[in-house]
Amino acid sequence: MVFYRAACFVLCISFGLIGQDALRPKDVHEMGKGGVNAIPKLAALLTNADVDIRLEAVKQISEIGTQYSLDALIQATRDNDSEIQIRATDGLVNFYLPGYLKTGLSATLRRAGTSIKGRFADTNDQVIDPYIQPRPEVIAALGVLARNGASMESRANAARAIGILRGKAAVPDLIQALHSKDTQVIYEALVALQKIRDAEAAPSIAFLLRDLDPKVQIAALETTGLLLNKSAVPDVVGVLNNARDNKVRRAALTALAMLPQDSSREIYARYLQDKDEKLRAAAAEGYARLRKPADLPMLAKAYDDEGKTSPRLSLAFAQVMLGKAEISEFSPLQYLINTLNSAAYHGEAFPFLVELARDPAVRKSLYTPLLQGTKDEKIYLARVMARSGDKNDVPQLEKLSHDDDPEVAQEGLRALRNLQART
C-alpha cells in the first residue's frame, strides 16, 4: 500500500497531474516511500524554488541511502541553503558509514526562520575503514563546502565529513579552512587532518600553535604531534614553557613526546616526577620514543612506583619500546594487553599497542593473545594488526575470522580486509 501511494505521486507528477508548485513537503515525504525508484523524481525537486520542498527531497534521498543517491546528494551540496548543505553532507557520509544520519549534525538541526541551529557531537573519532574508498566526486564536493559553505556550520560539518571519509584529496581545502575566523571550522579541519595523516600538511598548522582559543591551540598541538612535524619542536617547547592552561601544557608535552629529540631529554626528566599524572604519562612517552636502552632501569623503577593507571600504561609502553617485549604474568606488555579489557582505559592501551606492533617481533608476541585471549583482547588486537601488520600476519587474522564468537570472527574479517587494503 505504501509503495502504491508513493508510485501514484510519482506518476501524477510525471503526467503533469500535480505540478511542482502545488507540491507540499508531506507529498515529497510520501514520494520517498517509493525507495530507490523515487530517486530520479526526488532529484528533480532539488531545483524547486521552495526551500522546504528541496529540504524534504534531500532528507528522503539521504534516507534511501543507496549508491544511486550519491549524485543527487552531491548536487544538493551546491544548494545555497545551509541546512540543505548539511543534510546532503550527512547523507553522503551515511552511505559510507551507515547510521551516521542518527548521530551527525543534521540529527540535531532546528530551523528558526532563516537561521538554523545544531550541536556538534562532543566525540569526533569516527572514521571509515581503509578498505572503503569514497568516490572522488564526493570528496571534491565536500572540499568545496569546507571552503565556501553557506554558513560556518555547513563548513565545519563538511570538514568533519572529510575527516570521517579520509578525504586526502581535500587536504588543500582543509588548509584553507584553517584560516577561517570560526573556532568550530578550524577545529574540525584540524581533527580531519589528524585522521587523514598527510604529513605534508603539517607546516600549514604551525601558525595555530599559539592561537588564543585553547580548543584550537590544543587541537593544533595534537595535530602537530600526530603529523610528526619535528620542525615545530621549538614552537612546541615555547608553548609548553609559557602555558597557563594545564590542558594546553599537557597537549604541548604530549606533542613533544611524539617528536623525540635528545634536546628534549631534560624536559622529559623534569615532568616524569610532576604531580600531574597526565604530564608524567607524556614524559614517559617521550623517553619511549627516544629509544635509549640505558633509560630502561629508571623507567622500570618508575613503573613499579607509579600508582596511577595512565602514567603506568605510558611507562609500560616505554619499557616495551626499549626492548622489554616478553609476555609473562607481570610484564609491561601483558599489562597493556590486560588493559584492553578495561572500559575506562582500553582507549589508552590500544594506541600504544598499535605503535609497538610496528615492530615485527612485538606483533609475533601478540599472536597468542590474538587467538586465545579474551573477547576484548581478540577484537582490539585484530584492530592492532589491521593498522600495524604486514602480509606475514594475514594467516593469523584468517584464523581469527573463523572464531567461535561471531562478533570476534566479524572483527577478524574486517581487520583482514583493512590489512590487505593497506598492504
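1. Arg-24 is partly exposed, with a relative accessible area of 42%. In this predicted model, its side chain meets that of Asp-27 in a salt bridge, 3.3 Å from N to O. Asp-27 is buried, at 7% relative accessible area.

2. A second salt bridge pairs Lys-375 with Glu-407, with the closest N and O atoms 2.8 Å apart. Lys-375 lies in helix 22 (residues 375-388) and Glu-407 in helix 24 (residues 406-422), so the pair ties together parts that are 32 residues apart in sequence. Lys-375 is partly exposed at 36% relative accessibility. Glu-407 is partly exposed at 44%.

3. Arg-383 and Glu-411 also form a salt bridge, 3.0 Å from N to O. Arg-383 belongs to helix 22 and Glu-411 to helix 24, so this pair links parts 28 residues apart in sequence. Arg-383 is partly exposed, at 29%. Glu-411 is buried, at 9%. Shared partners join Asp-129, Arg-383, Glu-411 and Arg-414 into one salt-bridge network.

4. The structure holds 25 salt bridges. It carries 54 positive and 52 negative side chains, and the centres of the two sets lie 1 Å apart.

5. The largest nonpolar core has 138 residues. Helix 10 (residues 183-196) gives the largest share of this core, nine residues. Leu-256 is among the residues with the most contacts inside the core. Beyond its neighbours within four places in sequence, Leu-256 touches residues including Val-233, Leu-240 and Tyr-268.

6. Overall, the protein has 24 helices and two strands. Of its 423 residues, 54% count as buried. Its C-alpha atoms fill a box of roughly 85 × 55 × 30 Å along the principal axes.

How values were computed: Residues numbered from 1 in each chain as written. Predicted model: local features only at pLDDT ≥ 70, side-chain atom pairs only at ≥ 80, totals over all residues. Heavy atoms only, no water. Core = buried A, V, L, I, M, F, W, Y, C linked by side-chain atoms within 4.5 Å. Buried < 20%, exposed > 50% of the residue type's maximum accessible area, 1.4 Å probe, protein only. Helix = DSSP H or I, 4+ residues; strand = E, 2+ residues; numbered from the N terminus. Contact = heavy atoms within 4.5 Å. Lys, Arg positive; Asp, Glu negative; His and termini not counted. Charge placed at Lys NZ, Arg CZ, Asp CG, Glu CD. Salt bridge = Lys/Arg side-chain N within 4 Å of Asp/Glu carboxyl O.
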